[in-house]
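Here is a friendly walk through a few local features of a fold. Take a look at the model first, then read on.

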Amino acid sequence: MSLILYQLDGRDGYRFSPFSWRTRLAVAHKGLEADLRDVKFSDRSPIAASGQERVPVLVDGDTWISDSWAIAEYLEDKFPEAPSLFGGESGRALARFVNSWADAVFHAGIFGQVARDLLDHVHADDVDFFRQSREARVGMTLEEFQAGRDAKLKDFQYSLMPVRLTVRKQAFLGGEAPNYADYIVFGGFQWMRCASPHKVLDADDPINAWFDRVAALYDGLGANAAGY
(Lines give C-alpha, C1' and ligand atoms only; values in the text may rest on other atoms or scores of the structure.)
Protein backbone atom coordinates (compact mmCIF):
# COMPACT_ATOMS: atom_id res chain seq x y z
CA MET A 1 0.00 0.00 0.00
CA SER A 2 1.28 3.45 -0.89
CA LEU A 3 1.95 6.12 1.70
CA ILE A 4 -0.65 8.77 2.48
CA LEU A 5 0.42 12.16 3.83
CA TYR A 6 -2.10 14.47 5.44
CA GLN A 7 -0.95 18.10 5.25
CA LEU A 8 -2.43 21.44 6.25
CA ASP A 9 -4.72 22.98 3.66
CA GLY A 10 -4.51 26.63 2.68
CA ARG A 11 -6.33 29.21 0.60
CA ASP A 12 -5.78 29.12 -3.16
CA GLY A 13 -3.04 26.50 -2.89
CA TYR A 14 -0.88 28.40 -0.37
CA ARG A 15 0.17 25.47 1.81
CA PHE A 16 2.41 27.09 4.37
CA SER A 17 2.73 24.59 7.25
CA PRO A 18 6.44 24.33 8.16
CA PHE A 19 5.89 20.88 9.63
CA SER A 20 4.20 19.59 6.50
CA TRP A 21 7.10 20.93 4.43
CA ARG A 22 9.62 19.09 6.60
CA THR A 23 7.80 15.86 5.93
CA ARG A 24 7.24 16.38 2.22
CA LEU A 25 10.98 16.92 1.76
CA ALA A 26 11.80 13.93 3.97
CA VAL A 27 9.57 11.69 1.85
CA ALA A 28 11.21 12.99 -1.34
CA HIS A 29 14.70 12.56 0.16
CA LYS A 30 13.90 8.90 0.73
CA GLY A 31 12.84 8.54 -2.89
CA LEU A 32 9.28 7.72 -1.86
CA GLU A 33 5.92 8.98 -3.03
CA ALA A 34 2.88 9.80 -0.93
CA ASP A 35 -0.73 10.53 -1.75
CA LEU A 36 -1.23 14.08 -0.45
CA ARG A 37 -4.46 14.89 1.33
CA ASP A 38 -5.42 18.26 2.82
CA VAL A 39 -6.75 18.88 6.32
CA LYS A 40 -8.30 22.11 7.58
CA PHE A 41 -7.59 23.78 10.91
CA SER A 42 -11.31 23.65 11.68
CA ASP A 43 -11.96 20.06 10.59
CA ARG A 44 -9.56 17.38 11.80
CA SER A 45 -11.92 14.47 11.12
CA PRO A 46 -9.74 13.09 8.28
CA ILE A 47 -6.96 12.38 10.80
CA ALA A 48 -9.14 11.20 13.68
CA ALA A 49 -7.63 7.71 13.46
CA SER A 50 -4.26 9.19 14.46
CA GLY A 51 -5.61 9.92 17.94
CA GLN A 52 -4.63 13.59 17.85
CA GLU A 53 -5.41 16.76 15.88
CA ARG A 54 -2.20 17.99 14.29
CA VAL A 55 -0.70 17.57 10.85
CA PRO A 56 1.34 16.23 9.25
CA VAL A 57 0.18 12.66 9.61
CA LEU A 58 1.71 9.83 7.61
CA VAL A 59 -0.23 6.64 6.96
CA ASP A 60 1.65 3.49 5.99
CA GLY A 61 -0.84 0.67 5.67
CA ASP A 62 -2.46 0.32 9.08
CA THR A 63 0.17 2.51 10.78
CA TRP A 64 -0.59 6.16 11.51
CA ILE A 65 2.34 8.38 12.51
CA SER A 66 1.85 11.96 13.70
CA ASP A 67 4.41 14.70 14.41
CA SER A 68 7.00 15.61 11.77
CA TRP A 69 9.94 14.43 13.90
CA ALA A 70 8.33 11.06 14.59
CA ILE A 71 7.58 10.72 10.88
CA ALA A 72 11.21 11.43 9.97
CA GLU A 73 12.39 8.76 12.41
CA TYR A 74 9.81 6.31 11.08
CA LEU A 75 10.93 6.86 7.48
CA GLU A 76 14.57 6.45 8.47
CA ASP A 77 13.96 3.21 10.34
CA LYS A 78 11.36 1.72 7.98
CA PHE A 79 13.35 2.40 4.80
CA PRO A 80 17.02 1.98 5.81
CA GLU A 81 18.06 1.10 2.26
CA ALA A 82 16.92 4.53 1.00
CA PRO A 83 19.13 7.63 1.36
CA SER A 84 19.57 8.48 5.02
CA LEU A 85 17.86 11.53 6.48
CA PHE A 86 20.40 11.77 9.30
CA GLY A 87 23.63 10.10 8.19
CA GLY A 88 23.85 7.93 11.30
CA GLU A 89 22.92 8.16 14.95
CA SER A 90 25.13 11.15 15.70
CA GLY A 91 23.46 12.99 12.83
CA ARG A 92 20.06 12.03 14.19
CA ALA A 93 21.01 13.44 17.60
CA LEU A 94 22.22 16.70 16.05
CA ALA A 95 19.05 16.98 13.95
CA ARG A 96 17.03 16.56 17.13
CA PHE A 97 18.78 19.65 18.51
CA VAL A 98 17.98 21.62 15.32
CA ASN A 99 14.39 20.43 15.58
CA SER A 100 14.13 21.69 19.16
CA TRP A 101 15.73 25.04 18.30
CA ALA A 102 13.38 25.55 15.36
CA ASP A 103 10.25 24.71 17.36
CA ALA A 104 11.17 26.81 20.40
CA VAL A 105 13.05 29.79 18.95
CA PHE A 106 12.92 30.03 15.17
CA HIS A 107 9.18 29.57 14.80
CA ALA A 108 8.40 32.06 17.55
CA GLY A 109 10.39 34.66 15.65
CA ILE A 110 8.64 33.82 12.41
CA PHE A 111 5.19 34.17 13.93
CA GLY A 112 6.10 37.64 15.16
CA GLN A 113 6.86 38.63 11.57
CA VAL A 114 3.90 37.13 9.67
CA ALA A 115 1.09 36.47 12.18
CA ARG A 116 -1.48 38.69 10.48
CA ASP A 117 -0.36 37.84 6.96
CA LEU A 118 -1.06 34.17 7.69
CA LEU A 119 -4.74 35.00 8.10
CA ASP A 120 -4.93 35.83 4.39
CA HIS A 121 -3.70 32.38 3.44
CA VAL A 122 -5.50 29.97 5.74
CA HIS A 123 -8.41 28.16 4.13
CA ALA A 124 -11.52 30.33 3.94
CA ASP A 125 -13.32 27.95 6.32
CA ASP A 126 -10.55 28.41 8.89
CA VAL A 127 -10.37 32.20 9.17
CA ASP A 128 -12.46 32.53 12.33
CA PHE A 129 -10.78 29.56 13.99
CA PHE A 130 -7.32 30.84 13.20
CA ARG A 131 -7.97 34.39 14.37
CA GLN A 132 -9.64 33.37 17.62
CA SER A 133 -7.12 30.70 18.56
CA ARG A 134 -4.03 32.80 17.73
CA GLU A 135 -5.33 35.98 19.32
CA ALA A 136 -6.05 34.04 22.49
CA ARG A 137 -2.45 32.83 22.38
CA VAL A 138 -0.83 36.27 22.01
CA GLY A 139 -3.34 38.29 24.02
CA MET A 140 -4.08 40.89 21.34
CA THR A 141 -5.36 41.16 17.78
CA LEU A 142 -3.18 39.77 15.02
CA GLU A 143 -2.98 43.27 13.57
CA GLU A 144 -1.63 44.62 16.85
CA PHE A 145 0.79 41.75 17.24
CA GLN A 146 2.25 42.09 13.76
CA ALA A 147 2.42 45.90 13.95
CA GLY A 148 5.61 45.67 15.99
CA ARG A 149 7.44 43.40 13.61
CA ASP A 150 9.89 46.01 12.29
CA ALA A 151 11.17 46.59 15.82
CA LYS A 152 11.65 42.83 16.21
CA LEU A 153 13.31 42.26 12.85
CA LYS A 154 16.94 42.87 13.81
CA ASP A 155 16.69 40.50 16.76
CA PHE A 156 15.06 37.89 14.53
CA GLN A 157 17.79 38.26 11.92
CA TYR A 158 20.44 37.92 14.63
CA SER A 159 18.82 34.70 15.88
CA LEU A 160 19.59 33.22 12.46
CA MET A 161 23.32 33.75 12.83
CA PRO A 162 24.15 30.06 13.39
CA VAL A 163 22.39 29.18 10.14
CA ARG A 164 24.02 32.08 8.31
CA LEU A 165 27.56 31.25 9.44
CA THR A 166 27.11 27.58 8.57
CA VAL A 167 25.79 28.00 5.04
CA ARG A 168 28.41 30.65 4.34
CA LYS A 169 30.99 27.86 4.51
CA GLN A 170 29.08 24.88 3.13
CA ALA A 171 26.28 24.27 0.67
CA PHE A 172 23.85 22.73 3.15
CA LEU A 173 23.44 22.38 6.89
CA GLY A 174 24.14 18.71 6.26
CA GLY A 175 27.42 19.53 4.51
CA GLU A 176 27.88 18.89 0.80
CA ALA A 177 24.43 17.31 0.59
CA PRO A 178 21.17 18.11 2.39
CA ASN A 179 19.83 16.16 5.33
CA TYR A 180 16.87 16.47 7.66
CA ALA A 181 18.36 19.48 9.47
CA ASP A 182 18.07 21.39 6.19
CA TYR A 183 14.42 20.42 5.84
CA ILE A 184 13.61 21.52 9.39
CA VAL A 185 14.99 25.01 8.84
CA PHE A 186 13.75 25.25 5.27
CA GLY A 187 10.23 24.53 6.52
CA GLY A 188 10.31 27.70 8.59
CA PHE A 189 11.46 29.91 5.74
CA GLN A 190 8.96 28.25 3.41
CA TRP A 191 6.26 29.03 5.99
CA MET A 192 7.06 32.72 5.50
CA ARG A 193 7.43 32.48 1.74
CA CYS A 194 4.03 30.80 1.34
CA ALA A 195 2.22 33.21 3.65
CA SER A 196 3.64 36.70 3.32
CA PRO A 197 5.36 39.12 0.92
CA HIS A 198 7.26 40.50 3.93
CA LYS A 199 11.02 40.07 3.51
CA VAL A 200 13.09 39.25 6.57
CA LEU A 201 16.51 38.70 4.97
CA ASP A 202 18.86 41.22 3.40
CA ALA A 203 19.51 40.63 -0.30
CA ASP A 204 23.12 39.55 0.30
CA ASP A 205 22.33 37.18 3.17
CA PRO A 206 23.87 33.75 2.37
CA ILE A 207 20.73 32.13 3.74
CA ASN A 208 18.99 33.20 0.53
CA ALA A 209 21.29 31.10 -1.66
CA TRP A 210 20.96 28.15 0.71
CA PHE A 211 17.16 28.47 0.62
CA ASP A 212 17.19 28.47 -3.18
CA ARG A 213 19.35 25.32 -3.20
CA VAL A 214 16.94 23.46 -0.95
CA ALA A 215 13.88 24.79 -2.80
CA ALA A 216 15.30 23.46 -6.07
CA LEU A 217 15.68 19.90 -4.75
CA TYR A 218 13.45 17.10 -6.04
CA ASP A 219 12.45 18.85 -9.25
CA GLY A 220 11.79 22.13 -7.47
CA LEU A 221 9.43 20.72 -4.86
CA GLY A 222 9.73 23.82 -2.68
CA ALA A 223 10.30 26.38 -5.41
CA ASN A 224 7.20 25.39 -7.39
CA ALA A 225 4.84 25.83 -4.45
CA ALA A 226 2.52 28.84 -4.42
CA GLY A 227 4.27 31.63 -2.54
CA TYR A 228 5.98 35.01 -2.73
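## Two helices crossing

The crossing of α1 and α3 is right-handed, a label used when the near helix is turned clockwise from the far one by less than a right angle, with left-handed for anticlockwise. Helices (H or I, at least four residues) and strands (E, at least two) are DSSP runs, numbered from the N terminus. The two axes come within 13 Å and cross at roughly 150°, which makes α1 roughly antiparallel to α3. Axes here are lines fitted to C-alpha atoms, for helices over the stretch in contact, with angles from 0 to 180 degrees between N-to-C directions; over 145 counts as roughly antiparallel.

On the α1 side, P18, F19 and R22 meet N99, A102, D103 and H107 of α3, where contact means heavy atoms within 4.5 Å. Those residues divide into three nonpolar, two polar and two charged. In this scheme Ala, Val, Leu, Ile, Met, Phe, Trp, Tyr, Cys and Pro are nonpolar, Asp, Glu, Lys and Arg are charged, and the others, Gly among them, are polar.

## Where the values come from

This is a predicted model, in which local features need pLDDT of at least 70 and side-chain atom pairs count only at pLDDT 80 or more, while totals for chains, interfaces and linings use all residues. Residues are numbered from 1 along each chain as its sequence is written, and side-chain values use heavy atoms, with hydrogens and water left out.

Helix α2 covers residues 68-78, and its buried residues are S68, W69, I71, A72, Y74, L75 and E76. Buried means under 20% relative accessible area, exposed over 50%, and partly exposed in between (1.4 Å probe, protein chains only). Among the elements covering these residues are β1 (3-8), β4 (63-66) and α8 (180-193).

D67 sits in the loop between β4 and α2 and is partly exposed at 44%. One of its side-chain oxygens reaches to within 3.0 Å of the backbone nitrogen of W69. The phi of D67 is near 85°, a positive value in a residue other than glycine.

## A buried glutamine

Q190 belongs to helix α8 and counts as buried because its relative accessibility is 0%. A polar atom of the Q190 side chain lies 2.9 Å from the backbone oxygen of G222. Beyond neighbours within four places in sequence, Q190 is in contact with W21, F211, G222 and A225.

## Backbone exceptions

Most residues other than glycine have a negative phi, and most peptide bonds are trans. V55 and P56 are joined by a cis peptide bond, with omega about 10°.

How values were computed. A polar contact is a pair of N or O atoms within 3.5 Å; within protein, one must be able to donate a hydrogen and the other to accept it, and residues adjacent in sequence count only if both atoms are side-chain atoms. Angles under 35 degrees count as roughly parallel, over 145 as roughly antiparallel, 65 to 115 as roughly perpendicular and the rest as oblique.
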